[in-house]
Amino acid sequence: MSANPFTDIPARGWELRFEQYDAGDEGRREVLLALGNGVFVTRAAAIDSRRDETHYPGTYRAGCYNRLATVIADHRDETESLVNLPNWLPLACRLPGEAWLQLDSARIRQYAHWLDMRSGCMHRDYVLQDESGRQTAFRETRIVSMADPHCAALQLELTPLDWSGELEIRSAIDGDVANTNVERYADYASQHLDTFSHVRQDDCVFVQTCTSQSRITIAQAARIRIDGGMQQAACVETAIAETRSLGTLYRIAVKRGTTVVIAKFASLFTSLDGSDDPRQSALRAVTQASFPAWRDAHVRAWGELWRRTGLEVDKEEFARPLRFHAFHILQTASPHLAASDAGIPARGWHGEGYHGHIFWDELFVFPFLISRFPETAKACLMYRYPRLNAAREAAQQAGYRGAMYPWRSAGDGREVTPEHQKNPISGEWMEDHTYLQRHVGAAIVYNIWHYFMATGDDAFLADCGAEMMLDIARFWSSIAVPREEAGCRDGRFQICGVIGPDEYHNAYPWRDRPGLDNNAYTNVMA
């Protein structure tokens with residue numbers, strides 16, 4: 001398997017495509033082909049899968065964090081994480097009394113899985129052969145709506161190729177989820193959701209839960225529509241398989257060569273949205289939903305984003321990688337982010353790497369955003385402003401003036417860098433001193449200034465930007481000390497006890513405290 005998805009797949013300027021199923025690579029593909037709209041993100045897990053060594057269904061809401069305490073290296077470590085939310089994808093089929101048709105248990109006769117970046121749609125085509133030799137073709141199209149940040153949907157076209165009979169279809173919202181996506185985080189507490197309620201209303205199922213510490217309410221609704229059988233699909237059972245999940249079983253008669261179209265609609269609302277009643281908002285969003293209408297609105301929204309992006313590339317070998325990176329930037333920081341209190345996390349919103357924390361990574365994507373989506377860049381800067389007082393308190397507690405922004409941020413303005421990290425080579429826990437990367441404050445100023453220079457947004461500078469810039473400048477003026485304290489009297493200053501972007505060099509062997517003196521990057525940015 002190649003580590004580079006752009007070199008082992010035939011070139012298609014708008015597609016990232018895999019032509020065979022590879023259980024060992026499925027986790028990587030779930031990230032590469034994930035879908036999101038800047039608020040609501042779902043990994044590209046198979047609809048018939050649950051969390052195991054091969055698959056990891058994950059749904060996330062931007063800014064939905066929760067803090068849990070874990071004993072790490074005999075020390076109580078409170079870690080704040082982006083929360084894996086109930087999985088809206090589950091959709092499975094079988095002949096009554098037989099095993100469910102699943103990628104990992106049936107024989108795969110044909111397979112293709114791809115992302116169409118132009119339309120923002122994920123597709124999966126495959127033919128499965130069951131134990132009796134019967135073959136069934138599946139064609140899935142999936143969206144996470146760029147037109148409506150609360151909605152997602154999939155359409156499954158199912159065709160019996162050489163058989164007729166009854167078919168059972170099971171749809172569910174699976175609340176049996178936890179944060180277990182990153183192997184080296186296995187020692188951390190992972191169950192972030194505590195209270196659950198669920199109900200079936202007409203042809204909709206609804207699940208509501210809450211994060212255990214931050215008390216964010218999460219409401220999800222799902223509705224299924226089935227067309228194309230020889231008789232109308234009948235709901236034969238609503239079963240709560242587990243206390244955290246709600247599923248519905250349908251039965252329909254199907255005919256050889258006749259396609260059954262199954263559409264599943266999902267909505268996600270949280271108390272972060274300001275909704276007075278997330279449950280009713282979620283149920284209302286999927287009522288009378290139409291997959292063609294949702295898909296067309298979604299494709300139009302992506303078309304407008306690509307128009308504003310304006311990427312024109314002559315060489316095919318450059319076009320696809322550039323579009324792919326732009327695609328994932330827009331899935332993480334779309335115009336919908338402007339309505340959310342969220343920044344740009346280091347690994348996007350579609351996984352649990354770095355616990356979903358926000359570092360300084362907007363520095364790398366701001367040139368792209370400022371010139372094309374300045375309102376999104378401004379929203380990312382506005383994530384910092386409500387956390388200014390927390391940065392002032394942090395500076396004061398450390399003996400400095402001004403504002404000292406944390407290296408890693410999440411729900412509020414406190415430092416969330418874990419106190420320990422697991423050494424990937426030895427497997428041992430070690431103290432994590434990377435919070436000493438004070439250059440995050442300089443990156444914020446850099447971004448504010450470049451946003452202002454590009455947009456001329458005087459109101460932002462007057463209302464918020466200048467205040468952050470000045471207090472960060474005050475911090476640098478207080479952390480810098482005269483060189484004469486080190487025996488020099490040349491009128492120059494130095495900054496001691498920090499860590500630069502190279503996190504591997506973070507201490508001197510002859511000192512008993514972490515940090516380096518006069519890191520070049522830190523000094524230049526200061």
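Is Cys-204 buried or exposed? Cys-204 counts as buried, at 5% relative accessibility. Buried here means under 20% relative accessible area, exposed over 50%, and partly exposed in between, with a 1.4 Å probe and protein chains only.

This is a predicted model, in which local features need pLDDT of at least 70 and side-chain atom pairs count only at pLDDT 80 or more, while totals for chains, interfaces and linings use all residues. Residues are numbered from 1 along each chain as its sequence is written, and side-chain values use heavy atoms, with hydrogens and water left out.

Stay with the cysteines. A disulfide is a pair of cysteine sulfur atoms within 2.5 Å. By that rule the count is zero disulfides. Cys-204 is in no disulfide; its nearest cysteine sulfur belongs to Cys-151 and is 12 Å away. For Cys-64, the closest cysteine sulfur is in Cys-210, at 9.1 Å, too far for a bond. Cys-64 also counts as buried, at 0% relative accessibility.

Now the sheets. Strands of a sheet pair through backbone hydrogen bonds, either parallel or antiparallel. Helices (H or I, at least four residues) and strands (E, at least two) are DSSP runs, numbered from the N terminus. Two strands pair if DSSP finds at least two bridges between them.

Nine strands form an open sheet in the order S1-S8-S9-S10-S11-S18-S15-S14-S13, with antiparallel pairing. Strand S1 (15-18) and strand S13 (193-201) stand at the edges. Each has a single partner strand, so one side of each lacks a neighbour in the sheet. From one strand to the next, the twist averages 15°. Axes are lines fitted to C-alpha atoms, for helices over the stretch in contact, and angles run from 0 to 180 degrees between N-to-C directions. Within this sheet, nine bridges join strand S8 (residues 107-116) to strand S9 (residues 121-129). Leu-115 stands opposite Met-122 in S9.

Another open sheet has three strands, in the order S2-S3-S4, again with antiparallel pairing. Its edge strands are S2 (35-36) and S4 (59-61), each pairing on one side only. Two bridges join S2 to strand S3 (residues 40-42). Gly-36 stands opposite Val-41 in S3.

Contact means heavy atoms within 4.5 Å.

Look along H3 itself. Helix H3 (residues 291-309) has 19 residues and reaches 27 Å from its first C-alpha to its last. That is close to the 27 Å expected at 1.5 Å a residue, where the expected span is 1.5 Å times one less than the number of residues. The buried residues of H3 are Phe-291, Trp-294, His-298, Trp-302, Leu-305, Trp-306 and Thr-309. Seen down the axis, they fall within an arc of 105°, so they line one face of the helix. The arc is that of the directions from the helix axis to the C-beta atoms. Exposed Arg-300 and Arg-307 sit on the face turned away from the buried side. Just after H3, Gly-310 takes a positive phi of about 65°.

End at a loop. Gln-437 lies between strand S20 (429-431) and helix H8 (439-455). Gln-437 is buried, with a relative accessible area of 1%. Not counting residues up to four places away in sequence, Gln-437 touches Trp-407, Ile-499, Gly-500, Pro-501 and Glu-503.
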